[in-house]
Amino acid sequence: NFDKVYSCEINALYYQAACNLIFNKTRESIKYPGLIENPPEMGEMIIANEDSSSFIKSIASKLDDECMFFLDAHWYEHCPLLDELEMIAQQELRPALIAIHDFKTNHPTQLGYDSYNAQDFTLEWILPFVEKIYKNDWTYEYNEPDMASGALRGIIYIKKHEAYKV
């Protein structure tokens, strides 16, 4: 669906499993290198076994204001979400869309969301970082419960005004 895809995974086992899925391999004995760039017949792609905020910094020069971020790296001791948003701001990126998974929505039929150190994933929590990225030129919406499948998790879509309709 995209001309360019850049993805990272900090956990080495999950990184290897993701590479197996990407390359349609079922044998887990394949050992992929920690950085894969432009694999044959897959277009422009970078896959790295790296933490997400460092990865954002390393690929920033390849991105433009039409890029999209899907942030979902928050299952370990340290939740990197604020670091990721700060890195996007520091690199002066203004992505067309930032989607954050496991987010608390305001729907009566509540979708699942994450919480770290008693801090729910809410717009109020990330607002200072969103303002750094977009200034006053942004809007947001949540996924609808009927759009969710599987674990039924909330997603927030933060976008520039006049950007894509989600």
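# Close-up views of a predicted model

**View 1. Strands β8 and β9 side by side.** Strand β9 (residues 155–160) runs antiparallel to β8, and five bridges join the two. This is a predicted model, in which local features need pLDDT of at least 70 and side-chain atom pairs count only at pLDDT 80 or more, while totals for chains, interfaces and linings use all residues. Residues are numbered from 1 along each chain as its sequence is written, and side-chain values use heavy atoms, with hydrogens and water left out. Helices (H or I, at least four residues) and strands (E, at least two) are DSSP runs, numbered from the N terminus; two strands count as paired if DSSP finds at least two bridges between them. To find one of these bridges, look for Glu-141, whose partner in β9 is Tyr-157. Glu-141 also forms a salt bridge with Lys-159, with the closest N and O atoms 2.7 Å apart. Glu-141 belongs to strand β8 and Lys-159 to strand β9, so this pair ties together parts that are 18 residues apart in sequence. A salt bridge here is a side-chain nitrogen of Lys or Arg within 4 Å of a carboxyl oxygen of Asp or Glu. Lys-159 is buried, at a relative accessible area of 7%. Buried means under 20% relative accessible area, exposed over 50%, and partly exposed in between (1.4 Å probe, protein chains only).

View 2. The strands follow the order β4-β5-β9-β8 in an open sheet with mixed pairing. The edges are taken by β4 (68–71) and β8 (138–142); each has a single partner strand, so one side of each is left without a neighbour in the sheet. From one strand to the next, the twist averages 15°. Two helices can be found on this sheet. Helix α3 (residues 81–90) lies across β4 and β5 (97–101), running at about 165° to β4. Helix α4 (residues 123–134) lies across β5, β8 and β9, at about 145° to β8. For these angles, axes are lines fitted to C-alpha atoms, for helices over the stretch in contact, and values run from 0 to 180 degrees between N-to-C directions.

View 3. Thr-105 has its place in the loop between β5 and β6 (115–116). Is Thr-105 buried or exposed? With 4% relative accessibility, Thr-105 counts as buried. Leaving aside neighbours within four places in sequence, Thr-105 is in contact (heavy atoms within 4.5 Å) with Gln-110, Leu-111, Tyr-142, Asn-143, Gly-154 and Ile-155.

View 4. A search of the whole structure finds six salt bridges, and here are two of them. Asp-120 and Lys-104 form one, with their closest N and O atoms 3.4 Å apart. Asp-120 sits in strand β7 (residues 119–120) and Lys-104 in the loop between β5 and β6, so the pair ties together parts that are 16 residues apart in sequence. Asp-120 is partly exposed at 22% relative accessibility, as is Lys-104 with a relative accessible area of 28%. The side chains of Asp-114 and Arg-153 also meet in a salt bridge, at 2.5 Å from N to O. Which parts does this pair tie together? Asp-114 lies in the loop between β5 and β6, and Arg-153 in the loop between β8 and β9, so the link joins parts that are 39 residues apart in sequence. Asp-114 is buried, with a relative accessible area of 5%, and Arg-153 is buried too, at 18%.

View 5. Strands β2 and β3 (residues 44–48) run antiparallel and are joined by three bridges. Among them, the bridge partner of Glu-37 in β3 is Ile-46.
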